[in-house]
Amino acid sequence: LVYAYAEGLNMPFLNAVGLAFLSTEMVVKNPTYVGDTIRVEFKVIEKRLTSNPEKSIVKTENTVYKQDGTIVMIYSPVRLLKTQIKNDYSDRYESN
């Protein structure tokens with residue numbers, strides 16, 4: 001249940017279209033109890049394009065904490081995401 005809530009807390013920050021959940025590594029460090037409040041910190045630890053440039057593989061490290069700062073869980077999901085291409089439109093402008 002903690003994992004499901006942690007994933008829900010992360011989704012708004014990924015800001016990407018998820019295509020597939022590929023795998024995860026998970027370590028449960030401490031228990032949680034009814035009434036505990038959790039928060040999640042995540043960082044991107046690996047990202048790369050697939051052979052199709054419209055798709056990327058992204059691995060994050062997610063650390064779940066209880067309200068007292070105790071680490072509850074650390075997991076590293078690998079996801080297939082739609083690639084977000086940022087275009088500054090510099091190719092449309094000529095320099096004088």
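I began at Lys59, and I noted that this residue stands opposite Val78 in strand 4, where a strand is a DSSP run of E with at least two residues, a helix is a run of H or I with at least four, and both are numbered from the N terminus. Before going on I wrote down that the model is predicted, that local features need pLDDT of at least 70 and side-chain atom pairs count only at pLDDT 80 or more, while totals for chains, interfaces and linings use all residues. I also wrote down that residues are numbered from 1 along each chain as its sequence is written, and that side-chain values use heavy atoms, with hydrogens and water left out.

**Entry: the chain as a whole.** I found 1 helix and 4 strands in the protein chain, and along the sequence they follow the pattern α-β-β-β-β. Of the 96 residues, 27% count as buried, a word that stands for under 20% relative accessible area, with exposed meaning over 50% and partly exposed the range in between (1.4 Å probe, protein chains only).

**Entry: strand 4 and its partners.** I looked up strand 4, residues 71-82, and saw that it is mostly covered, since 9 of its 12 residues are buried. Strand 3 pairs with strand 4 in the antiparallel sense over 9 bridges, and pairing here requires that DSSP finds at least two bridges between the two strands. In the hairpin of strand 3 and strand 4, which has 4 residues between the strands, Gly69 takes a positive phi near 90 degrees.

**Entry: Glu25.** Is Glu25 buried or exposed? I read a relative accessibility of 52%, and therefore Glu25 counts as exposed. I placed this residue in strand 1, residues 18-28, and, leaving out residues up to four places away in sequence, I listed its contacts (heavy atoms within 4.5 Å) as Lys59, Ile74, Tyr75 and Ser76. Glu25 and Pro77 are 52 residues apart in sequence, yet their C-alpha atoms are 6.6 Å apart in space.

**Entry: Lys66.** I then turned to Lys66, which lies in strand 3, residues 55-66. Lys66 is buried because its relative accessible area is 12%. Residues up to four places away in sequence aside, Lys66 touches Pro31, Thr32, Asp36, Thr37 and Val72.

**Entry: contacts along the chain.** Last, I checked contacts in the protein chain between residues at least 6 apart in sequence, and found that 61% of them join residues at least 24 apart.
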